[in-house]
Amino acid sequence: YRGDYNETGHRHGNGKLTYANGDCYDGEWKEGKADGRGTFRCRASTYEGLWHQDLKHGQATETYEDESIYMGEFEMGKRHGHGTLKFQDGSDYTGNFDSNDQAAEGTFIWSNGNKYHGQWAENY
């Protein structure tokens with residue numbers, strides 16, 4: 001870890017933590033936890049956005065190893081709220097998410113141009 005500490009020795013302020021496996025968090029810390037704006041890079045994805053108590057929480061963009069991209073809201077570590085998920089094949093979903101799943105109202109556009117707008121539950 002390279003960065004700021006508070007008077008009790010916790011990571012606090014700005015800093016960069018590189019884990020033994022190569023994963024890296026670079027951003028704001030509060031009382032030893034990722035909290036505020038930051039970027040986390042690992043083999044599976046890159047997350048750029050807001051954090052709260054070590055969890056993805058707030059507006060962010062996450063790019064996955066398969067090149068799909070999610071832009072939208074996170075809550076307690078999961079896609080939750082309004083967002084857009086763009087898939088590698090060119091299709092995309094814009095609408096609501098609940099605990100990572102497409103939920104409630106949303107629009108899915110397939111790469112061939114076909115479109116569905118309506119209600120979703122658990123990605124269906």
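Tutor: Let's go from the whole chain down to single residues.

Tutor: This is a predicted model, where local features need pLDDT of at least 70, side-chain atom pairs count only at pLDDT 80 or more, and totals for chains, interfaces and linings use all residues. Residues are numbered from 1 along each chain as its sequence is written, and side-chain values use heavy atoms, with hydrogens and water left out.

Student: How many helices and strands does the protein chain have?

Tutor: Helices (H or I, at least four residues) and strands (E, at least two) are DSSP runs, numbered from the N terminus. Here the protein chain has 0 helices and 11 strands. Its C-alpha trace spans about 55 × 25 × 15 Å along the principal axes.

Student: Which strand pairs with β8, and in what sense?

Tutor: Two strands pair if DSSP finds at least two bridges between them. Strand β8 (residues 78-86) pairs with strand β9 (residues 92-98) in the antiparallel sense, over 6 bridges. Look at Gly81, which stands opposite Phe97 in β9. The hairpin of β8 and β9 has 5 residues between the strands, and Gly90 takes a positive phi near 100° there.

Student: Is Gly81 buried or exposed?

Tutor: Buried means under 20% relative accessible area, exposed over 50%, and partly exposed in between (1.4 Å probe, protein chains only). Gly81 has a relative accessible area of 17%, so it is buried. By contrast, Gly13 in strand β2 (residues 11-18) is partly exposed because its value is 25%. For the protein chain, buried residues make up 36% of the 124 residues.

Student: Which residues form the negative surface patch?

Tutor: Like charges are joined within 9 Å, and Asp and Glu count as negative. The place of a charge is CG of Asp or CD of Glu. Here Glu73, Glu75, Asp98 and Glu122 form the patch.

Student: Why does Glu122 count as exposed?

Tutor: Glu122 sits in the segment after β11 (115-120), and it counts as exposed because its relative accessibility is 60%.

Key
Patch = residues over 30% accessible without salt bridge, like charges linked within 9 Å, V, L, I, M, F, W, Y side chains within 5 Å. Areas by Shrake-Rupley, 256 points an atom, 1.4 Å probe, with all protein chains shown as cover. Salt bridge = Lys/Arg side-chain N within 4 Å of Asp/Glu carboxyl O.
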